[in-house]
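Welcome, and please have a look at the sequence and the fold shown below.

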Amino acid sequence: MTMARKGPLSRLVVASLALAFSSSKLLCFHACRTPSTCSTELTGRPAEVAIPKSPKAWRRALPHDAVPVRQFLHLHRYLQLWRVHWIGPENLDRAGLRVTGMDTYAIVASVLLQVITGFHSSVEEPDETDERLKYPNLHRLMYEGQMIFASISVVCSTYTMVMFLLCKIYSVMALGLYKDVSYDLFQAATGRFRLRAFWSLIIAMHSFLVAFAMNLFTRIKGNRGLMFFFVGMLGIIPVVYDWQIIYQIAEKYVYA
């Protein structure tokens with residue numbers, strides 16, 4: 001206050017300090033997830049903030065009503081798509097994202113193929129003379145089931161890896177040779193093959209999980225092995241269920 005009375009320069013300094021102090025509060029509030037931390041740093045006293053604890057409360061707080069407005073404001077993207085499709089050139093940044101997605105599928109399939117190959121070679125044929133085999137016929141059935149599901153997983157993961165690698169190679173080649181129209185036609189013509197490769201990867205994952213659950217019975221043996229097999233099969237159910245939810249959300253928001 002004493003500086004404000006002395007002159008206009010002092011008043012300007014006081015106003016600048018006040019503006020900086022208020023701006024720091026606003027920036028801290030927007031930057032922090034928990035405003036209580038910012039309030040503690042600024043005032044020295046913890047602030048009580050009503051944070052929703054249940055997941056339903058968080059979902060209600062999301063701005064779902066603003067989705068149509070945001071989609072309407074993004075209508076100019078159709079103009080960009082039209083220009084790229086008819087006039088060109090191809091947006092290399094977004095094309096690179098598509099190619100990266102194909103590369104990711106191929107890498108996941110190759111890693112899964114390596115895991116399944118090691119798993120396939122480690123499965124031993126049951127010895128019927130082993131005294132620990134309480135259910136020899138069931139052990140034989142489990143062994144054959146592991147071979148079947150592991151073979152399905154190997155074939156499906158190999159198909160996925162090769163298919164996405166070929167799509168990536170020819171897509172990059174078309175873009176590198178300035179054949180934007182050829183790239184667009186290639187993407188449209190290979191869409192159904194990429195979809196088959198995606199579901200082939202899902203089948204490979206499911207088959208591997210079932211074969212792994214069967215392997216628990218052949219390794220532990222007896223009633224305990226049977227119990228672990230059923231526990232493993234029950235553990236697969238929530239995993240597959242969550243995957244299905246992700247597919248549905250992607251179909252609703254990404255592919256709609």
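A residue is called buried under 20% relative accessible area, exposed over 50% and partly exposed in between (1.4 Å probe, protein chains only). Gln-187, with a relative accessible area of 5%, is therefore buried. This is a predicted model, where local features need pLDDT of at least 70, side-chain atom pairs count only at pLDDT 80 or more, and totals for chains, interfaces and linings use all residues. Residues are numbered from 1 along each chain as its sequence is written, and side-chain values use heavy atoms, with hydrogens and water left out.

Now to the aromatic rings. Rings of Phe, Tyr and Trp (its six-membered ring) pair if their centres lie within 6.5 Å; planes under 30 degrees apart count as stacked, over 60 as edge-to-face and the rest as tilted. The structure holds nine aromatic pairs, and here are two of them.

| Pair | Centre to centre | Angle between planes | Type |
|---|---|---|---|
| Tyr-105 and Phe-164 | 4.7 Å | 20° | stacked |
| Trp-199 and Tyr-247 | 5.5 Å | 75° | edge-to-face |

Tyr-105 is partly exposed at 29% relative accessibility, whereas Phe-164 is buried at 3%. Likewise, Trp-199 is partly exposed at 39%, while Tyr-247 is buried at 18%.
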